[in-house]
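Please read the following note with the sequence and the model open beside it. The points are numbered so that each can be checked in turn.

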Amino acid sequence: MTSDITVYLRGGTYRVTSPLYFSPQDSGTGGHTVHWTAYPGEVPLVSGGTRVTDFSLFDSAKNEYRAPVPAGTQSRQLFVNGTRAQRAGTAVKRADFALSGSSFITSDGSYSSLTHQSQIEVVADNQWKSMRCPLESITATSSGGSSLNVDPACFDNNNTHVPNPGFPLNGASLPKLDHVDWIENAPGLLTKPGQFYLDSSASYLYYTPRTGENLATADVELPAVQQLLDVSGTPGHLAPVNDTDSHATYTGSWQTSSARPYGDLNGDVHYAQTDGDTVSYAFTGTGVQVLSENHSDEGTIDVTVDPGTAQQQTLPSVTPNSASERLAQQAVVSVGGLSKGPHTVVLTKHGGTYMLIDGFTVIPDAVLPVRNISFEGINFSYSTWTQPTTSGYIDNQAGMLWDPTTHSPVKIPAAVQVHRGNGISFTRDSFAHLGGTAVDLADGTQNSDVTGSIVTDTSGDAVSLGEVDDYYQTRTDLMTTGDTVTDNTIRYVGQDYHDAVGIWAGYTRSASISHNDVGYTPYSGVSLGWGWGWASSCALQAKQGLSICLHGSTYAGGNQITGNFVHNVMRTMFDGGPIYTLGGQDGGNGQMTSTLSGNYVAECDGDSNQSHMLYLDEGSSYWDTHDNVVGFSGGRRWVFMWTPTIHDNNIRSNYSDSLNYLNYGTNITYNAPTLVSDGAWPAAAQQIINGAGPSAQYRPLTGRIDDDEPTIAYSGSSWFASGNRGVGDYNDGIHAAAANGDSVSYTFTGTGIGVIGERNSDQGTVEIRIDSQSPGVTVDTSASSRQVQQTIWSTSGLDPTVSHTIQIIKRSGGFATLDGFNVTRTVNDDNAALQYHGSWSTLSNRGFGDYRDDVHYSTTTGDSVTVSFYGTGVAALTETNTDEGTVNVSLDGTSQGTRDANTTPRHAQQTLYQANGLPLGNHTLTLTKGNTGTFMVIDRFDIS
């Protein structure tokens with residue numbers, strides 16, 4: 001390639017039955033990039049959904065409808081008009097079900113009458129683990145109750161024999177499926193609006209509509225595809241096989257040792273003590289890595305490739321004896337660059353006490369990443385993942401699972417999967433309504449990014465990065481390095497699998513997780529690292545109280561978690577926090593440090609003893625943690641380091657509303673944070689708060705301001721955040737004050753604002769002031785019963801050329817409650833979030849009455865401007881004049897026709913197009929210059 005190539009995707013829905021596939025042959029070459037991008041003003045959607053139509057009333061008493069679906073359709077999700085439906089099910093009280101063997105016994109006999117029993121699942125959340133198992137059957141008990149008999153294999157994985165290889169794959173604690181929180185997926189459990197049941201055997205979908213849903217016109221999407229996009233280089237996933245692999249031939253006086261307390265792969269090794277003893281390993285591929293150990297009693301290993309052939313190579317010998325403390329699972333021999341085909345590597349003992357073999361990793365193909373491809377402005381929606389239907393959900397932590405059969409570590413599959421990519425970019429994309437994880441940058445993907453995108457409503461993680469089983473890697477071309485997750489807005493992950501997190505990174509090097517807005521998660525917001533105490537010394541593991549030392553090294557290090565706004569997390573699970581780290585970060589050699597700085601974390605739900613704001617968990621080491629702000633902590637520990645294997649961290653120059661902390665770590669430089677009371681953040685802290693989250697060009701424009709917006713200033717000692725109330729709050733949370741005189745203020749630019757609060761018997765009066773008006777308006781928010789998301793006061797007609805500040809002061813009653821603001825926000829034509837396509841120019845100081853006395857203009861037909869916003873309404877204001885012409889309008893990818901800006905005489909700030917009453921959510925408005933008139937002018941947008 002001699003230049004970049006741009007491939008435009010026209011608007012519309014591209015329904016796929018298998019993933020769109022990109023291989024190394026599709027790469028950009030010569031340093032150039034292939035851009036797959038949305039055509040300006042249009043919205044391409046890659047969908048794995050089947051649209052379901054032809055609903056008919058099936059059960060009038062239950063308002064239950066039925067529709068045919070294609071034979072054999074399997075799915076675990078359903079979306080109606082873009083809103084997730086819930087599988088037919090019911091919450092249960094843990095105390096009502098007693099575990100007996102592999103069955104849950106209840107006195108309620110109605111369960112035994114449910115049909116399709118082998119499709120029913122029991123669900124339990126336990127600490128940080130979310131677990132599911134299908135039932136084998138339900139039988140009536142002799143006392144008239146029901147016995148829910150769990151599928152034996154799944155129960156074995158989730159209870160009796162929970163996979164437990166130990167470090168570096170999992171920690172010591174093993175929460176089990178020992179109770180039931182939820183039962184789902186039976187036609188008899190279809191009892192509530194918004195629930196569905198898919199009868200795959202009969203090819204019918206059953207659904208009970210919510211109020212206002214008309215199934216004759218509704219967009220009902222049944223996901224039927226697991227993966228929407230597959231970008232795959234070579235090799236794929238690499239995992240070691242054990243030293244007992246049948247392709248290994250041991251010659252000489254070899255012995256085996258099992259159950260050594262050192263962390264051997266699969267708990268065993270082969271070892272030789274006699275010089276000249278050999279092991280040969282036959283493989284097909286381009287290379288192999290041999291796992292051994294590094295210790296002072298190891299000798300030299302002579303390495304020969306393909307002996308006795310024309311291709312024979314004698315490689316430099318290795319002597320893995322530099323470590324005074326034994327390091328397990330070390331890739332001491334690495335052979336690469338071979339032609340693809342059958343090969344044999346022969347290792348010969350030479351000196352020292354031992355030569356030890358622990359495993360082999362075959363590299364089946366040449367390292368050939370997919371390179372330099374960018375996906376821009378594309379929507380990805382409607383995927384599913386059906387494995388839990390048959391074998392359950394065997395959780396480890398944070399969307400990392402155990403394979404039900406092999407017990408190898410696996411991840412929740414992603415709708416958009418990158419294996420072995422380099423320079424793969426996702427920019428301004430949307431990932432929504434997905435049955436697994438959204439994006440996975442996996443298997444040694446390097447220098448790739450997810451930037452300025454919106455991820456919402458996923459069953460798994462939003463973005464996952466790296467692996468959990470390549471800790472031993474020494475080849476930089478096979479590591480996950482240099483990747484970036486930045487400027488994204490992430491909401492409502494883990495809708496099915498509650499252990500999921502917003503952004504997860506495993507073993508990574510030089511990754512940057514920066515300036516993301518991550519909120520409303522069931523578990524942690526950002527989770528980086530793996531391995532627990534694997535990289536911590538045996539002395540530190542002993543101090544932790546571990547009876548054996550499983551100790552090795554990892555390549556992780558040099559990572560950055562910076563400038564993120566992480567909030568409203570831990571809504572379901574325990575033992576996590578807004579930002580959570582795990583395992584070592586020294587790069588395997590003590591030379592690297594990772595950085596955690598400039599983040600604003602707030603509002604962590606869950607048990608205050610088991611959720612912490614900055615949580616440096618087991619083995620976390622070599623973290624420089626500075627200039628973070630911790631707000632609305634609810635008295636939780638602002639930083640938590642609970643055990644000696646957490647070591648060599650520097651905690652400095654932070655700000656917090658709580659001094660509560662725990663430090664049982666080793667060699668920790670701990671400096672207490674600057675304590676801030678009553679919301680009076682010093683200038684430096686306020687600068688961190690204001691800078692956290694997406695940068696201006698990627699921050700979604702919105703008129704709907706939630707009460708957790710960082711720029712809302714809460715003043716007074718009684719303000720507290722209350723999330724996960726379940727009463728219908730916007731984003732299921734509010735802020736409230738109990739002391740008279742406490743206040744909250746918000747500064748905005750626009751023409752109007754409404755205050756969203758609550759009316760209830762415990763509410764009283766508040767005084768509302770605009771721009772320091774005193775006295776303000778007194779508003780009574782009391783009512784006989786709770787009414788949520790109420791507009792308690794509003795105003796309009798404000799001057800949009802200046803900023804305004806609204807202040808709300810509690811005057812009486814038990815509480816003053818804030819749920820947010822509805823702002824009619826004015827956005828100037830120079831706002832960084834606006835996307836201009838084509839040959840636009842600017843003019844200022846025209847003196848014609850332009851908003852802010854400036855405009856953007858174009859003279860080229862087809863040039864466009866796009867505004868992406870979150871809200872319910874938008875207005876586009878321009879000028880009208882004799883030199884203006886037609887403008888084509890598109891809203892959410894649907895044409896809204898043409899508007900004509902040609903009038904006599906010139907009029908500034910005229911509403912060219914306006915839409916109100918949109919569903920609250922993400923929308924895109926595009927204006928395109930038509931083929932008449934000399935100019936198209938953009939002056940401002942109003943967003944509500």
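1. Basis of the note. This is a predicted model, in which local features need pLDDT of at least 70 and side-chain atom pairs count only at pLDDT 80 or more, while totals for chains, interfaces and linings use all residues. Residues are numbered from 1 along each chain as its sequence is written, and side-chain values use heavy atoms, with hydrogens and water left out. Helices (H or I, at least four residues) and strands (E, at least two) are DSSP runs numbered from the N terminus.

2. The open sheet. Eleven strands form an open sheet with parallel pairing, in the order β3-β22-β40-β43-β46-β49-β52-β55-β58-β61-β64; two strands pair if DSSP finds at least two bridges between them. At the edges stand β3 (20-22) and β64 (661-663), each of which pairs on one side only. On average, neighbouring strands of this sheet are turned by 10° against each other, direction ignored; the axes are lines fitted to C-alpha atoms, for helices over the stretch in contact, and angles run from 0 to 180 degrees between N-to-C directions. Met641 has Asn663 of β64 as its bridge partner.

3. Strand β41 and its partners. Six of the seven residues of β41 (residues 421-427) are buried, where buried means under 20% relative accessible area, exposed over 50% and partly exposed in between (1.4 Å probe, protein chains only). Strand β35 (residues 370-376) pairs with β41 in the parallel sense over six bridges, and Phe375 has Phe426 in β41 as its bridge partner. β41 also pairs in the parallel sense with β44 (residues 449-451), over three bridges. There, Phe426 stands opposite Val450.

4. Which residues does Val418 contact beyond its neighbours within four places in sequence? They are Val231, Ile424, Phe426, Asp440, Leu441, Ala442 and Thr445, contact meaning heavy atoms within 4.5 Å. Val418 belongs to strand β40 (residues 414-419) and counts as buried because its relative accessibility is 0%. Asn488, in the loop between β47 (484-486) and β48, is also buried, with a relative accessible area of 0%. A polar atom of the Asn488 side chain lies 3.0 Å from the backbone oxygen of Thr486. For such a polar contact, a pair of N or O atoms must lie within 3.5 Å; within protein, one must be able to donate a hydrogen and the other to accept it, and residues adjacent in sequence count only if both atoms are side-chain atoms. Residues up to four places away in sequence aside, Asn488 touches several others, including Val450, Thr451, His515 and Pro694.

5. Aromatic rings. The whole structure holds 36 aromatic pairs. Rings of Phe, Tyr and Trp (its six-membered ring) pair if their centres lie within 6.5 Å; planes under 30 degrees apart count as stacked, over 60 as edge-to-face and the rest as tilted. Trp385 and Tyr497 form an edge-to-face pair because their planes stand at 75°, with the ring centres 5.5 Å apart. The two residues are 112 residues apart: Trp385 lies in the loop between β36 (379-383) and α2 (387-391), and Tyr497 in the loop between β48 (489-491) and β49 (503-505). Both Trp385 and Tyr497 are buried. Ring pairs also link Phe22, Trp36, Phe375, Phe380, Phe426 and Phe431 into a cluster.

6. Charges over rings. The charged end of Arg10 sits over the ring of Tyr39, 3.9 Å from its centre. Likewise, the charged end of Arg326 sits over the ring of Tyr262, at 4.5 Å from the centre. The criterion is that NZ of Lys or CZ of Arg is within 6 Å of the ring centre and within 35 degrees of the ring normal.

7. Backbone geometry. Where are cis peptide bonds found? One joins Phe167 and Pro168, with omega about 5°, and another joins Thr904 and Pro905, with omega about -10°. Asn447 is not a glycine, yet its phi is positive, about 50°; Asn447 is partly exposed, at 43% relative accessibility. Ser510 also has a positive phi, near 55°, and is partly exposed, with a relative accessible area of 40%.
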